[in-house]
Amino acid sequence: ALASLNFYEGALIASDTLSSTSKKVNFKIIDTGDDSLATVTKLNTTNMDGVDAVVSFLPSNYSSLLTRISNRWAKPLYLFAASNTTILEKNKWIRLVNPSNYTQISQAATYIASKHKDDKIFALYRDQKGENLISTLFADMIDSLQGQKGACVRMNYKSDSFAVLKPKFSKTKMNVLIIPTSDESFLSSILNKLNDEKADYQFSLMGMPAWENFNSIDPDLMRKLGASFFTGMYIDPKS
């Protein structure tokens with residue numbers, strides 16, 4: 001809903017701006033008012049003659065169905081809910097609005113490397129493929145951007161790891177923790193430990209987009225610990 005609203009506001013501004021150059025943009029909104037499947041069904045029977053492009057805000061689980069429909073339309077179809085670039089390889093009409101996962105991480109790493117040049121940066125991960133890969137990507141990019149090996153310290157986080165991590169914190173610098181996890185209980189356990197130490201240390205957390213949907217973590221604690229979520233909706237590292 002937020003992406004749709006942002007696009008609609010932007011579309012109105014674009015239309016108004018282009019009108020001063022004698023160019024007119026017409027938008028047609030297709031929304032059945034029911035669920036997403038009903039909207040897809042309506043799209044599948046809609047004639048797109050005279051339309052130059054289609055923009056979809058439907059959930060990502062409808063992407064494969066929409067790609068098949070786009071081949072019949074033979075019109076560029078812009079997807080807001082897909083960031084996996086493999087969908088582009090066999091579907092010539094598909095355009096992705098959100099950047100790929102790799103690009104999102106690259107932008108977040110650029111932001112950290114530029115903002116925290118003189119601070120302590122840590123990337124925590126567990127023995128899970130996704131967390132390991134993402135933490136490695138963050139660390140390698142930050143090391144490269146800052147021109148220093150080990151500028152970002154990777155740490156395989158286990159049950160007793162906080163006792164090992166705490167002595168590495170700086171009391172005079174910001175301690176940046178990259179925590180690439182979608183496990184709410186794991187993150188909660190780390191936040192509780194950091195909360196106990198926030199009187200003596202400054203923390204800044206970099207988290208996953210999935211953090212926005214967590215229910216059991218106090219958002220005020222997130223704020224106190226300086227949490228940021230990298231997301232495809234806002235990728236300008238200077239913003």
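**Helix packing and nonpolar cores**

In this predicted model, a set of contacts links two helices: Tyr-102, Ile-105, Ser-106, Ala-108, Ala-109, Thr-110, Ile-112 and Ala-113 of helix 4 meet Ile-134, Leu-137, Phe-138, Met-141, Ile-142, Leu-145 and Gln-146 of helix 5. Sorted by class, the residues of this contact comprise twelve nonpolar and three polar ones, with no charged residue. Two packed helices are described by the angle between their axes and the distance between the axes. For helix 4, which spans residues 101-115, and helix 5, which spans residues 129-146, the axes come within 9 Å and cross at roughly 45°. An angle under 35 degrees would count as roughly parallel, and helix 4 and helix 5 are therefore oblique to each other, with a crossing that is right-handed.

Phe-138, already met in the contact between helix 4 and helix 5, also has a place in the largest nonpolar core, where Phe-138, Leu-177 and Leu-194 are the residues that touch the most other members among the 42. Leaving aside residues up to four places away in sequence, Phe-138 touches Ile-105, Ala-108, Ala-109, Ile-112, Ile-178, Met-206 and Phe-230. In soluble globular proteins, nonpolar side chains tend to be buried together.

Is Arg-68 buried or exposed? Arg-68 lies in helix 3, residues 63-73, and it counts as exposed because its relative accessibility is 54%, where the cut-off is over 50%. Between Arg-68 and Asn-44 there are 24 residues of separation in sequence, while their C-alpha atoms are 9.4 Å apart in space.

For the protein as a whole, the model has eight helices and eight strands, and the C-alpha atoms fill a box of roughly 65 × 40 × 35 Å along the principal axes. Of the 239 residues, 38% are buried, and among contacts between residues at least 6 apart in sequence, 59% join residues at least 24 apart.

Methods
Residues are numbered from 1 along each chain as its sequence is written. This is a predicted model: local features need pLDDT of at least 70, side-chain atom pairs count only at pLDDT 80 or more; totals for chains, interfaces and linings use all residues. Side-chain values use heavy atoms; hydrogens and water are left out. A nonpolar core is a set of buried Ala, Val, Leu, Ile, Met, Phe, Trp, Tyr and Cys residues joined through side-chain atoms within 4.5 Å. Buried means under 20% relative accessible area, exposed over 50%, partly exposed in between (1.4 Å probe, protein chains only). Contact means heavy atoms within 4.5 Å. Axes are lines fitted to C-alpha atoms, for helices over the stretch in contact, and angles run from 0 to 180 degrees between N-to-C directions. Helices (H or I, at least four residues) and strands (E, at least two) are DSSP runs, numbered from the N terminus. Angles under 35 degrees count as roughly parallel, over 145 as roughly antiparallel, 65 to 115 as roughly perpendicular and the rest as oblique. A crossing is left-handed if the near helix is turned anticlockwise from the far one by less than a right angle, and right-handed if clockwise. Ala, Val, Leu, Ile, Met, Phe, Trp, Tyr, Cys and Pro count as nonpolar, Asp, Glu, Lys and Arg as charged, and the others, Gly among them, as polar.
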